[in-house]
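Subject: Structure handover

Hi,

Here is the structure I promised to pass on.

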Amino acid sequence: MESEELFNIDQYGENYEMQISEVEILQSMFSGPGELDIDPGLIHEVVDWVNEENESKLERMPPPIDFCVKISSSNNNVEVVITLPPEYPKILPEIYVRSNELSRANQTLINEDIGEYLENETIPEEPSVVAVISWLQEHSENYFIKQNLNPSPVQKAQDLNSGKFSRYWIYSHHIYSKNKRKNIVDLALELGLSGFLMSGKPGIMCVEGRLEHVAEWWAVVRNWNWKKISVKIQEELEIDPEEVVDGKRLFTSFEEIGLVKECHRGNHMDMGEFYRYLESHNCAWMFKELFGIEKS
């Protein structure tokens with residue numbers, strides 16, 4: 001179900017009850033220390049919401065259930081990052097895999113395969129996270145075997161120099177997952193990029209730096225199982241070999257900005273605050289490009 005229609009209280013309650021049941025199954029499967037990382041307070045919030053008898057609770061939706069599962073096979077480990085939107089299982093969950101032991105290319109491949117599995121192998125509108133985890137337990141080792149059998153030399157972005165500075169303005173249907181947000185920021189800082197992440201619905205990101213670093217960041221992030229995500233505007237500037245990249249930046253570091261508002265289906269940073277943030281970084285013109293409206 002991909003429509004934007006709002007569910008009623010009973011439908012959300014049914015969704016949450018199935019989500020909690022699936023989390024409990026995973027807790028029994030991954031009961032060892034560090035195998036499943038989930039905030040117990042988050043589950044309590046969802047349970048309290050389900051049990052509350054008040055029609056106005058639709059205006060106070062709990063945060064999406066967000067957690068990580070660590071899967072070990074032989075000497076290899078993968079981290080599965082999972083977010084359950086309030087509409088799940090009527091819509092697909094958000095799932096992606098990270099591993100420090102897998103190359104960027106193989107991380108992209110495994111995430112593409114997870115997306116295909118979700119689309120083609122799961123039962124529509126039925127819980128699917130346990131099935132995906134089971135699939136990964138069975139198949140994740142294959143990606144490490146392929147990598148070890150074909151250890152082709154990979155030239156890292158840090159070793160390249162395109163002579164170009166790039167800035168991507170990215171628009172996402174939403175960005176809620178705490179783990180996804182952390183991984184976005186960590187990867188940007190690892191690659192020496194600057195910009196920002198504005199969580200909520202919609203989610204907005206700007207990432208800037210050397211073209212090869214931005215391209216590597218985007219190649220990883222875009223495969224993290226999004227509902228919708230796209231580069232809205234791509235800027236590119238020539239830089240001399242000896243020119244300092246910092247002179248082209250609008251932002252000094254990469255950070256998450258703003259506070260997500262707690263309101264039904266409309267979680268986002270205050271738009272006036274966001275406009276002032278852009279204005280302070282000499283890019284207020286992007287407000288109209290992103291949202292199609294002038295700021296009065």
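Cysteines first: the count of disulfides (cysteine sulfur pairs within 2.5 Å) comes to zero. C206 is in no disulfide, and the nearest cysteine sulfur to it, that of C283, is 6.6 Å away. That is too far for a bond. Both residues are tucked away: C206 is buried at 0% relative accessible area, and C283 counts as buried at 0% as well. For burial I used a 1.4 Å probe on protein chains only, with buried meaning under 20% relative accessible area, exposed over 50% and partly exposed in between.

Before the rest, some housekeeping. This is a predicted model, so local features need pLDDT of at least 70 and side-chain atom pairs count only at pLDDT 80 or more, while totals for chains, interfaces and linings use all residues. Residues are numbered from 1 along each chain as its sequence is written, and side-chain values use heavy atoms, with hydrogens and water left out.

The overall picture: the chain has eight helices and nine strands, taken as DSSP runs (H or I, at least four residues, for helices; E, at least two, for strands) and numbered from the N terminus. Of its 296 residues, 49% count as buried. Taking contacts (heavy atoms within 4.5 Å) with a separation of 6 or more, 71% are between residues 24 or more positions apart.

Now the helix pairs. The axes of α3 (residues 104–120) and α4 (residues 129–149) come within 11 Å and cross at roughly 150°. Axes here are lines fitted to C-alpha atoms, for helices over the stretch in contact, with angles from 0 to 180 degrees between N-to-C directions. The two are therefore roughly antiparallel; the classes are roughly parallel under 35 degrees, roughly antiparallel over 145, roughly perpendicular from 65 to 115, and oblique for the rest. On the α3 side the contact includes L109, I110 and Y117, and on the α4 side W135, L136 and Y143 are among the residues involved. By class, this contact has ten nonpolar, three polar and one charged residues. The nonpolar class is Ala, Val, Leu, Ile, Met, Phe, Trp, Tyr, Cys and Pro, the charged one is Asp, Glu, Lys and Arg, and the others, Gly among them, are polar.

α5 (residues 178–190) and α6 (residues 211–221) have axes that come within 10 Å and cross at roughly 155°, so they too are roughly antiparallel. I184, L187 and A188 of α5 meet W217, V220 and V221 of α6, and the contact divides into six nonpolar, no polar and no charged residues.

Nine of its eleven residues are buried, so it is largely enclosed by the rest of the structure.

Leaving out residues up to four places away in sequence, V81 touches F67, C68, E94, I95, Y96, S177, N179, K180 and N183. V81 and S177 are 96 residues apart along the chain, with their C-alpha atoms separated by 8.8 Å.

Cheers
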